[in-house]
Each structure stands twice: as structure tokens, then as C-alpha cells.
Amino acid sequence: EATLDCGQTFSFKRNDDRSFSGYLSGVPVRWVHADGLLRGVCAPGRLRPEAVRDYFDLGFDLGPVYRLLEADDCLRPSLKVYRGLRLLRQDPWEATACFILSSNNNIKRIQHMWRRVAERFTGEGRFPSAAQLAESSEAELRGLGLGYRAPFLYRSARRIAENPEWFARVGQEPDYALAKETLQELDGVG
């Protein structure tokens, strides 16, 4: 629950019953919190277990993190509120687009913009690819309420659509400073 509702991702919407609905790897899924576990409900065979493990980074042991937090008087209270929070391994394009949308914004407004963009370009609650957004226009994105973020998102989408391997190359860069510098070349990121 803490992971899906903390502002890391905008692809899941909290429902009245405290479940979350959205898309993971292009598959519609509903996450239900019960008995201390988050369970995914979707059409049988549609969502690969590896996709869930990768997205939630379930191979990462939180035990050492908890021990570190428990040893710090200032950070210890955060465990009561955020125990179980995981850093998501999101699609790089969607994460970057959301970063651009987040500029001078709050979570509610980002969620609202995310949903308008998703509905307009995919007709459902899936965020559009860079190629889909690159086929639009700055004016169309402004019309969705993105304001001054529209040209940044549009130009970044065009850049990624023209070079689909861009994120893979950045992710393989061993020099952190160079990878960061490269990411900051995208409009609205740097």
C-alpha cells in the first residue's frame, strides 16, 4: 500500500475498497491488500510472475534497510508508516515522463494529468509510449492541462521515439556522473 500510494508511480488508482487498479507490463491488474500481503488479481496467465518480481524489486532484501532505520532515533518512526515500501523498477520512459509532469506539482495533480494523458493516447489507464506522444503536438498536450510541462514532455518523447535504445544505453553506462548528465539532456529533466 505504501509503495503504490507514495508518489513513485501514477499508474495505479486507489479504489474505494482500498485496493488499487492499473496496469503492469501492459496487463490490467487489481492489487488487494489482505492479511499483510498485496495480492494481484488479473486474467489468468496474463501477468508473468517475473514481471511482478522485477517491478516491485522483490529480490532486494529489506532486512538490512530496516535494521539501519531501527538503529536511528530520527528514522525509526518511519518504519511504522512505511514498512514494506519498495522502490519500484518502473518503465524508464514512464518514470521520466512522470518526473517531467511532477515539476512544481503535487501528487493529486500529477495523478490527474497522468490519467488525462493515458486516456487520451491509449483509451485506458496505461501510459502512452514515447512514440505515441511524439505523434501528438505540444498544443495537444497543453490542452490536457500540462501547462509549461507540455513542450518538455513532447520534445523528450520525440527524442526517445527517434532513438528507442536511448534508455538502455544510459542504463548500461558505468559512470554515474555521465549517466546523470545524459539523462539531464532531456527537456524537463535537467
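## Aromatic cluster

Phe12, Trp31, Tyr55 and Phe56 are joined by ring pairs into a cluster. Rings of Phe, Tyr and Trp (its six-membered ring) pair if their centres lie within 6.5 Å; planes under 30 degrees apart are stacked, over 60 edge-to-face, and the rest tilted. The model is predicted: local features need pLDDT of at least 70 and side-chain atom pairs pLDDT 80 or more, while totals for chains, interfaces and linings use all residues. Residues are numbered from 1 along each chain as its sequence is written, and side-chain values use heavy atoms, with hydrogens and water left out.

The count of aromatic pairs is 7. Phe12 and Trp31 make an edge-to-face pair, because their ring centres are 6.3 Å apart and their planes stand at 70°. Phe12 belongs to strand β1 (residues 12-14) and Trp31 to strand β3 (residues 27-34), so the pair ties together parts 19 residues apart in sequence. Helices (H or I, at least four residues) and strands (E, at least two) are DSSP runs numbered from the N terminus. Phe12 and Trp31 are buried, where buried means under 20% relative accessible area, exposed over 50% and partly exposed in between (1.4 Å probe, protein chains only). Trp166 and Phe167 form another edge-to-face pair, with 5.2 Å between centres and 80° between planes; both residues are buried.

## Salt bridges

There are 13 salt bridges, each a side-chain nitrogen of Lys or Arg within 4 Å of a carboxyl oxygen of Asp or Glu. In one of them, the closest N and O atoms of Arg30 and Asp17 are 2.7 Å apart. Arg30 is in strand β3 and Asp17 in the loop between β1 and β2 (20-24), 13 residues apart.

Arg89 and Asp54 form a salt bridge at 3.5 Å, N to O. Arg89 lies in the loop between α3 (78-82) and α4, and Asp54 in helix α1 (residues 49-55), so the pair ties together parts 35 residues apart in sequence. A network of salt bridges links Asp54, Asp57 and Arg89. Arg89 is partly exposed at 46% relative accessible area, and Asp54 is partly exposed at 40%.

## Helix α8

Helix α8 (residues 149-162) has 14 residues. Its buried residues include Leu153, Tyr154 and Ile160. The buried residues of α8 pack against α4 (92-101), α5 (107-122), α6 (130-134), α7 (138-146) and α9 (166-172), contact meaning heavy atoms within 4.5 Å.

Glu162 forms a salt bridge with Arg158, at 3.7 Å between the closest N and O atoms. Glu162 is exposed at 60% relative accessibility, and Arg158 is partly exposed at 36%.

Methods
Expected span 1.5 Å × (residues − 1).
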